[in-house]
Amino acid sequence: MYFDWNFGSLTDMTPAEPNEPHSAPTLSAVARLAGVSSITVSRVVRLPNLVAPETRGRVEAAMRELGYVPNQVAGSLASARTSSVGVLVPTIANSIFADTVQGLSDELEPLGYAVILAQSRYDAAREDHMLAALLSRRPEAIIMVGSPATEDGARLLRRAGIPVAETWDLPAAPIDAVAGFDNYQAGVAVARHLVAQGRRELAFIGGDDPRATRRWNGFKDTALELGAKIPRRLILERNASGSVAALANLPGVDAVFAANDAHAIGSCPACAPPDCSASAPPRSSRSPSLALAIWKWAG
């Protein structure tokens with residue numbers, strides 16, 4: 001799927017929430033909400049250990065509520081224009097996300113934008129921290145895999161006053177722009193295909209992150225609707241290599257839905273024939289314990 005997005009006019013895009021402010025919250029707004037002076041807020045930002053814990057707590061709460069992020073470039077760039085785009089991915093250990101970063105770099109760098117990369121490692125608290133770190137560098141847009149894991153993260157993005165793109169998913173209430181697909185319907189499509197091939201003993205191999213879980217739900221729900229048995233679900237640790245999938249023990253299974261390339265390739269040694277095609281019959285000389293029909297869906 002290809003999206004022709006003109007990043008040359010990033011500032012022309014507006015957030016999707018009409019009631020949200022179009023400018024980033026200011027230090028003085030934080031001071032008013034916390035009931036302290038602007039100097040105190042500045043001190044919390046620069047020298048938090050010099051501020052009384054109770055006061056610091058009020059200021060930090062006000063910053064979270066307003067979505068305020070200190071501007072680290074304002075002192076050196078009068079215009080606060082950085083010609084940079086922040087990109088937040090779960091991990092670059094997985095090649096599918098590395099490919100995403102590479103593709104963004106290939107498109108943005110010729111337009112004069114530098115990519116600032118951060119990883120959430122599938123951790124909600126770390127994701128919020130990384131979003132704040134990216135925004136503190138005043139990028140001209142944020143692109144992230146999936147949607148914010150917390151309301152604090154979503155608030156930061158809505159109030160940043162810059163374009164935001166959520167990718168690899170179709171959120172019900174997007175912050176701004178979206179370039180993705182419906183993960184639930186992806187699972188539906190795979191289940192329909194496998195059941196149409198006569199498969200009834202299905203399994204899903206993948207993680208338990210929100211996108212993988214939506215794929216699993218679509219896969220499971222559709223398999224049951226079409227008369228197949230409830231699929232088995234093998235949850236692998238995040239960043240698990242394909243070799244882990246190769247060790248899967250799924251006796252009686254005749255079709256596997258693998259959540260990404262690595263898991264699909266790892267499953268192939270245990271299936272027969274070795275091409276792992278979606279319509280191949282079982283070969284009695286090989287172990288029948290794993291799927292004979294492997295579909296993969298990146299992400």
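At the start of α7, the backbone nitrogen of which residue lies within 3.0 Å of a side-chain oxygen of aspartate 182?

Reply: The residue is tyrosine 184: at the start of α7, a side-chain oxygen of aspartate 182 reaches to within 3.0 Å of its backbone nitrogen. A polar contact here is a pair of N or O atoms within 3.5 Å; within protein, one must be able to donate a hydrogen and the other to accept it, and residues adjacent in sequence count only if both atoms are side-chain atoms. The model is predicted, with local features needing pLDDT of at least 70 and side-chain atom pairs counting only at pLDDT 80 or more, while totals for chains, interfaces and linings use all residues. Residues are numbered from 1 along each chain as its sequence is written, and side-chain values use heavy atoms, with hydrogens and water left out.

Helix α7 covers residues 183-196, and its 14 residues reach 20 Å from the first C-alpha to the last, close to the 20 Å expected at 1.5 Å a residue. That expected span is 1.5 Å times one less than the number of residues. Helices (H or I, at least four residues) and strands (E, at least two) are DSSP runs, numbered from the N terminus. The buried residues of α7 are Asn183, Ala186, Gly187, Val188, Val190, Ala191, Leu194 and Val195. Buried means under 20% relative accessible area, exposed over 50%, and partly exposed in between, for a 1.4 Å probe and protein chains only. After the helix comes glycine 198, which has a positive phi near 90 degrees.

Alanine 203 has valine 256 as its bridge partner in β8. From β8 (residues 255-258), Ala255 and Phe257 point one way and Val256 and Ala258 the other, and all are buried.

Because their ring centres are 6.5 Å apart and their planes stand at 45 degrees, phenylalanine 204 and phenylalanine 219 form a tilted pair. Rings of Phe, Tyr and Trp (its six-membered ring) pair if their centres lie within 6.5 Å; planes under 30 degrees apart count as stacked, over 60 as edge-to-face and the rest as tilted. Phenylalanine 204 lies in β6 and phenylalanine 219 in helix α8 (residues 210-225), so the pair ties together parts that are 15 residues apart in sequence. Both phenylalanine 204 and phenylalanine 219 are buried. Ring pairs link Phe204, Trp216, Phe219 and Phe257 into a cluster, and Phe257 in that cluster is a residue of β8.

As for the whole chain, there are 10 helices and 9 strands, and 45% of the 299 residues count as buried. Among contacts (heavy atoms within 4.5 Å) between residues at least 6 apart in sequence, 64% join residues at least 24 apart. The accessible surface comes to about 14500 Å², of which 53% belongs to carbon and sulfur atoms. Accessible areas come from the Shrake-Rupley method with a 1.4 Å probe; for residues, only the protein chains shown count as cover.

Terms used
Two strands pair if DSSP finds at least two bridges between them.
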